[in-house]
Amino acid sequence: MSTDLTSSTVAPRDLITTAIATRSTDPRFYGALNVLPNPDPILRRLGRAPDVYDAIAHDAHVIGDLRSIRAGLLGYEHRVVPGGDSRADRRAAELCQAYMQQAPAPGVRWPDRIWSLALAVFQGTAAHEVEWQRFGDVILPAALRDVPMRRIAIGTDDALRLLTREQPLTGADPGAYRLLVTRHMPTYDNPYGLAVFSGCFWPYTFKHAGFKYFAKFCQKYGIPWAIGRYPEGTSDTLVQELAQQLAAMVEDGVAAIPGDGRVELLETKSTGEPIQLQMIHTCNAEMSKAVTSQTLASELQRGSGSRAAAETHAARQQAVAVADRDLVADSMSELFAWITTINVRGANPPRFEFYEEHEARSTWTDVLDKARGWLPIPQAFAYQRLQIPQPAAGEPVLPAGPVQASIAGKVDPAEFSFSAAPLADDLLTALTDQAAAAVAPATDALIDRLAALIERYEREDKSLDDLDAALAELYPDLDLTQIGEITGAAMEAAYLHGMDQARA
């Protein structure tokens, strides 16, 4: 049967049916399950993914990457963007803005809560319980509390379940507007989301195993070997005593040996990094790939990288950072939608938006300055992009500079300022012609000789390099003083010509 919706063989009423590609019809799905097991390989094999993820997050290398990501995320400002211009839309935005002015929960700051939302990227899922409370005639969240990942389950119908003491296996229905869940890259097979820390498990495991053997390597080969020499025929008892004295030297640095004995220190010589240290560096690089999507910034001590590679890696990290901020913004926008639905029915919910104030303003200043030369730009658009409020009627404002006055249409951008009285049009034209006439004899001769050379080289099929080499021979008698006079006269003529054209 054709799946083309434009085909006349498909009746519109036949399109309104129940879903058919569900888990109940999936031949590979065990139908007796009420909740979906988390398919994360670490959780499935070890059964304690949260504990493993906490251990990975406390790794010295990983925690450095996490602090960098957190600083980048919290370095952005955030704001509430109204969903429309109607009175209801503005009312909804005001309520959400008022909610953002209070702490998300007792003893918790908004930067901490924003970061706990962003942890969904590394753990796959981040859940927060919303506690509602009435404030006058509105109902707003009184607390936004973090919920451990181990208490979240997803039913076969993709509905959220909260594992409780009464229902520790199947979980309870939390109800509407109670659980705010953020998921990173969820799919049909993995609705819990993809955990970045899951990709760090094996590098983390091998790295810490490598530390163990690297410590043994340093203990065995990093300390010089104490070698004791004894005369032939020495008894086993004396040999054992000498060995014990040499072993004590490792800790004490002092040994008593027979007068006819001798002690030497043999140092181990090696070149390059030990294989154990190479494995540690490799594991750090693999974890950085997973956590930050780049390794160059954290692996420069290994002597790799170039400017082009650094720019490529920085661009990749920036793109990933934008996606992570969007994930947090979408969750906050969902919470704003709940506030709007409960309090201002029919209004378009506002959006939560990250922005970087300095970068945004400087970038749009350059864009507007360049675009205004060939494109009419509404002033309201410029005020919005520059994040500057439009002044009300009669409100005192800063005096406008030349560029601002030009945009407002008050000053001709090509107008010149003179220290003395303006020149008459005929006098300015006469000076321009005089300057051009003074330059013409010298420049015409130079141009004619250069044109002849170019034509000859073109006929002989010579390259630009050959022409460049011949320029020095073209004017052997031209001194620097003459070049300066010709250049100054040409610049003066061009300047006067520009003024003449601007005043025309």
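## Basis of the description

A residue is called buried under 20% relative accessible area, exposed over 50%, and partly exposed in between, with a 1.4 Å probe and protein chains only. The structure is a predicted model, in which local features need pLDDT of at least 70, side-chain atom pairs count only at pLDDT 80 or more, and totals for chains, interfaces and linings use all residues. Residues are numbered from 1 along each chain as its sequence is written, and side-chain values use heavy atoms, with hydrogens and water left out.

## The chain as a whole

The protein chain contains 17 helices and 10 strands; these are DSSP runs numbered from the N terminus, with helices (H or I) of at least four residues and strands (E) of at least two. Of its 504 residues, 29% count as buried. Carbon and sulfur atoms contribute 56% of an accessible surface of about 32900 Å², computed by the Shrake-Rupley method with a 1.4 Å probe.

Contacts (heavy atoms within 4.5 Å) also describe the fold. Among those in the protein chain with a separation of 6 or more, 66% are between residues 24 or more positions apart.

## Aromatic pairs

A pair of aromatic rings is described by the distance of the centres and the angle of the planes. Rings of Phe, Tyr and Trp (its six-membered ring) pair if their centres lie within 6.5 Å; planes under 30 degrees apart count as stacked, over 60 as edge-to-face and the rest as tilted. The whole structure holds 9 aromatic pairs. In one of them, the ring centres of Tyr53 and Phe197 are 6.1 Å apart and the planes stand at 50 degrees, so this pair is tilted. Tyr53 belongs to helix H3 (residues 49-57), whereas Phe197 lies in the loop between strand S7 (179-183) and helix H8 (201-221); the pair thus links distant parts of the chain, 144 residues apart. Both Tyr53 and Phe197 are buried.

Phe201 and Trp202 form an edge-to-face pair, because their ring centres are 4.8 Å apart and their planes meet at 70 degrees. Phe201 is buried, at 11% relative accessibility, while Trp202 is partly exposed, at 43%. One aromatic cluster is made up of Tyr53, Trp115, Phe122 and Phe197.

## Charges over rings

A charge is taken to sit over a ring if NZ of Lys or CZ of Arg is within 6 Å of the ring centre and within 35 degrees of the ring normal. The charged end of Arg325 is placed over the ring of Tyr76, 3.8 Å from its centre. Arg79 lies over the face of Tyr355, at 4.0 Å from the ring centre.

## Salt bridges

Side chains of opposite charge can pair when their charged atoms come close. With a salt bridge defined as a side-chain nitrogen of Lys or Arg within 4 Å of a carboxyl oxygen of Asp or Glu, the count comes to 8. Glu129 and Arg178 form one of these, at 3.2 Å from N to O. Glu129 lies in strand S3 (residues 125-135) and Arg178 in the loop between strand S6 (160-162) and S7, so the pair ties together parts that are 49 residues apart in sequence. Glu129 is partly exposed at 27% relative accessibility, and Arg178 is partly exposed at 33%.

Lys289 and Glu286 also meet in a salt bridge, at 3.1 Å from N to O. These two residues are separated by about one helical turn, because they are 3 residues apart in helix H10 (residues 275-292). A further salt bridge joins Arg351 and Glu353 at 3.8 Å, N to O.
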